[in-house]
Amino acid sequence: MITRILATAATEIRIASRNRWVLIAVVLMVLFSLVLSAAGSAPTGALGADRLSVVAASLTSLSVYLVPLVALLMSFDAVAGEVERGTLPLLLTYPVARWEVLAGKLLAHTAILILAIVAGYGAAAAIAIVVDPAALSGLAALWRLTWTSVLLGATFLGIGYALSSRAKRVSGAAGLAIGLWLGLVVLYDLGLLAAVVADDGGFFTKSIFPAALLANPADAFRLFNLTAAEATAAASGVAGAANAIPQWQSLLSVAVWPFIALALAALSFRKVVP
Amino acid sequence: MTSTLTISHLTKTYDGVAALSDVSLSVAPGERVALLGHNGAGKSTLMKVILGLIAPSGGEVTVCDAKPGQAAAREQVAYLPENATFHSALTGLEQITFYMRLRGQDTAGAMELLERVGLGHAARRRIGTYSKGMRQRVGLAQALIGAPRLLVLDEPTSGLDPVSRRDFYELLDGLAADGASILLSSHALTEVEARTDRLLILSGGRMVAEGTLPDLRREAALPVAMHITALNGYDSDIMAALPNAIRVGEGLQISCTQEEKLATLARISELRGKVVDLEIIPPSLEDIYSHYSRRDGQ
């Protein structure tokens with residue numbers, strides 16, 4: 001079992017590095033992290049927080065867009081690509097279970113994601129610490145951001161595998177992935193904010209809004225990181241509006257979502273008829 | 001010995017349309033069986049059921065003492081898909097190594113396996129640069145991993161040149177001699193005639209014929225054609241003597257059943273002085289094949 005999962009993972013990593021996906025993911029994360037840490041370096045003194053905590057807060061806003069995007073870009077091809085190339089029927093005649101195939105792909109893609117996240121955050125952190133040695137006290141915030149980013153990535157990898165199994169065509173899977181990213185990461189927040197404004201502190205704002213934030217893995221991720229770093233809570237509109245949500249609830253959402261997404265992926269993949 | 005593959009009364013329907021109806025067959029260890037049929041006759045569907053890729057709608061299938069698709073069956077069955085494709089970013093060696101690890105085999109033999117199918121020189125090149133014939137060889141190499149008990153080969157020789165085809169069938173002979181059962185589909189009738197033990201003909205999802213080629217030839221009882229070249233001007237004399245004859249190009253043609261063959265020959269030999277040449281054309285493989293696959297009005 002382990003041999004088969006590792007064999008699949010090794011092959012996937014090889015394919016991803018040949019296709020430049022590893023390079024693209026790492027460069028994307030490093031580039032955006034550096035730009036953000038440069039842009040966000042001005043107002044540190046005013047907030048009374050150390051430099052690294054501020055960088056971590058900026059990186060949270062970045063990661064909530066970028067990590068799901070990178071994860072979906074890596075995963076949308078996972079099943080639909082095999083179907084379209086015609087490699088899936090042969091693979092499924094091998095003594096390998098379907099969940100083992102997915103586990104192997106997940107292992108490889110998560111490893112690439114961790115590499116990209118560590119490279120990106122590491123670059124931003126290194127600059128912050130070099131400029132201001134006191135920033136070392138913000139390492140806890142950065143560590144929290146790192147592991148939650150990996151969980152967020154795993155969630156979107158699972159979602160990507162699920163829609164890749166359902167699409168059966170690479171082009172369809174790519175469209176679904178982009179649509180899902182726009183929906184969950186961009187439009188979802190806009191819709192919620194619009195509803196909050198229209199509701200003006202009524203039933204929706206008090207009861208539905210917090211639940212809706214927790215239900216979305218990207219929002220739960222942002223919520224958790226921003227409520228943990230109290231110094232920067234003021235910086236975010238969404239987190240500001242939902243300060244009432246206890247931290248354990250957002251943590252739970254962040255921790256449970258990967259399992260829901262992967263179960264969804266396994267179920268969808270099981271239904272694929274080669 | 002019990003058979004490697006047993007199928008009884010297999011039926012597969014897609015949305016009410018029957019792709020396979022009431023198919024029964026068995027393949028013994030060491031037996032090489034060719035599956036013939038026109039496009040859409042159900043060959044690939046049958047193979048996919050045997051491999052456990054699609055579930056049958058009815059009937060019993062037993063592969064290596066297990067249900068198709070069960071781990072015990074998959075461990076002993078190898079498959080070569082029609083137009084085998086692989087990830088173009090991997091090299092042949094990497095691809096075979098991966099498949100060997102999935103089967104729990106020692107990957108040290110990967111290079112040897114590629115050399116066995118004549119790909120040793122290209123093992124470290126990406127599959128994206130391979131020709132169709134070379135990809136087919138990668139497919140063949142992966143089907144040989146771990147000495148499978150049953151090989152299911154979907155048009156294995158498409159894309160191979162004549163020399164490679166001969167090498168391929170020699171490889172199969174060796175496997176069959178070691179006790180592996182082989183089920184292969186093909187359109188190349190002449191090569192399956194010489195290289196397989198038994199033929200199965202599918203038509204419209206039904207098994208319309210089964211047996212060795214001589215069996216099928218006898219059972220089909222197709223007419224024998226005789227081509228007569230008449231001496232100048234004697235055409236009409238011969239036509240008069242042989243009312244069944246028809247004009248075909250320069251000569252005359254007459255066809256008769258197997259039983260009438262000698263009698264017809266005797267009548268032709270009576271016309272000795274008027275005939276330049278006589279050619280006897282037995283029913284070809286293609287004729288026999290068409291006979292069986294058209295019986296259902298296909």
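Buried residues make up 39% of the 298 residues in chain B, where buried means that 20 or more other C-beta atoms, placed from the backbone, lie within 10 Å of a residue's own, with exposed set at 12 or fewer and partly exposed in between. Before I go on, a word on the source: this is a predicted model, in which local features need pLDDT of at least 70 and side-chain atom pairs count only at pLDDT 80 or more, while totals for chains, interfaces and linings use all residues. Residues are numbered from 1 along each chain as its sequence is written, and chains are lettered from A and ligands numbered from 1 in the order in which they are written.

Let's stay with chain B as a whole. It has 11 helices and 13 strands; these are DSSP runs numbered from the N terminus, with helices being H or I of at least four residues and strands being E of at least two. Is chain B spread out or compact? Its radius of gyration is 24 Å, well over the 19 Å from the globule rule for 298 residues, so chain B is more spread out than a compact globule. That radius is taken over C-alpha atoms, and the rule is 2.2 Å times the number of residues to the power 0.38. Along the principal axes, the C-alpha trace of chain B spans about 75 × 45 × 35 Å.

Among contacts in chain B between residues at least 6 apart in sequence, 70% join residues at least 24 apart. A contact here means that two C-beta atoms, placed from the backbone, lie within 7 Å.

Now, the sheets. Two strands count as paired if DSSP finds at least two bridges between them. These two strands of chain B form a hairpin with 2 residues between them, and D15(B) in the turn has a positive phi of about 50°. Across the pair, I7(B) has L25(B) in strand 2 as its bridge partner.

Next comes an open, mixed sheet of 6 strands in chain B, in the order 5-6-7-3-8-9. Strand 5 and strand 9 (206-211) of chain B are at the edges with a single partner strand each, so one side of each has no neighbour in the sheet. From one strand to the next, the twist averages 15°; axes are lines fitted to C-alpha atoms, for helices over the stretch in contact, and angles run from 0 to 180 degrees between N-to-C directions. Inside this sheet, strand 6 (residues 150-154) and strand 7 (residues 181-185) of chain B are parallel, paired over 5 bridges, with L151(B) opposite I182(B). Which strands does helix 6 (residues 162-177) of chain B lie across? The answer is strand 3 (32-36), strand 6 and strand 7 of chain B, and helix 6 runs at about 145° to strand 7.

The other sheet I'd like to show has 4 strands of chain B, open and antiparallel, in the order 11-12-10-13. Its edges are strand 11 (246-248) and strand 13 (275-281) of chain B, each with a single partner, so each has one side without a neighbour in the sheet. Here the twist averages 30° from one strand to the next. Strand 10 (residues 224-230) of chain B pairs with strand 12 (residues 251-256) over 5 bridges, and A225(B) has S255(B) as its bridge partner there. Strand 10 of chain B is also joined to strand 13 by 6 bridges, with M226(B) partnered by I280(B). Helix 10 (residues 261-270) of chain B lies across strands 10, 12 and 13, at about 5° to strand 10.

What about the nonpolar cores? The largest has 152 residues, and V152(B) and L200(B) touch the most other members. A core is a set of buried Ala, Val, Leu, Ile, Met, Phe, Trp, Tyr and Cys residues joined through C-beta atoms within 7 Å. Its largest share, 14 residues, comes from helix 4 (residues 51-75) of chain A. A second, separate core of 7 residues includes M226(B) and I254(B).

Finally, the two chains meet through 21 residues from chain B and 20 residues from chain A. Helix 3 of chain B gives the most to chain B's side, with 5 residues.
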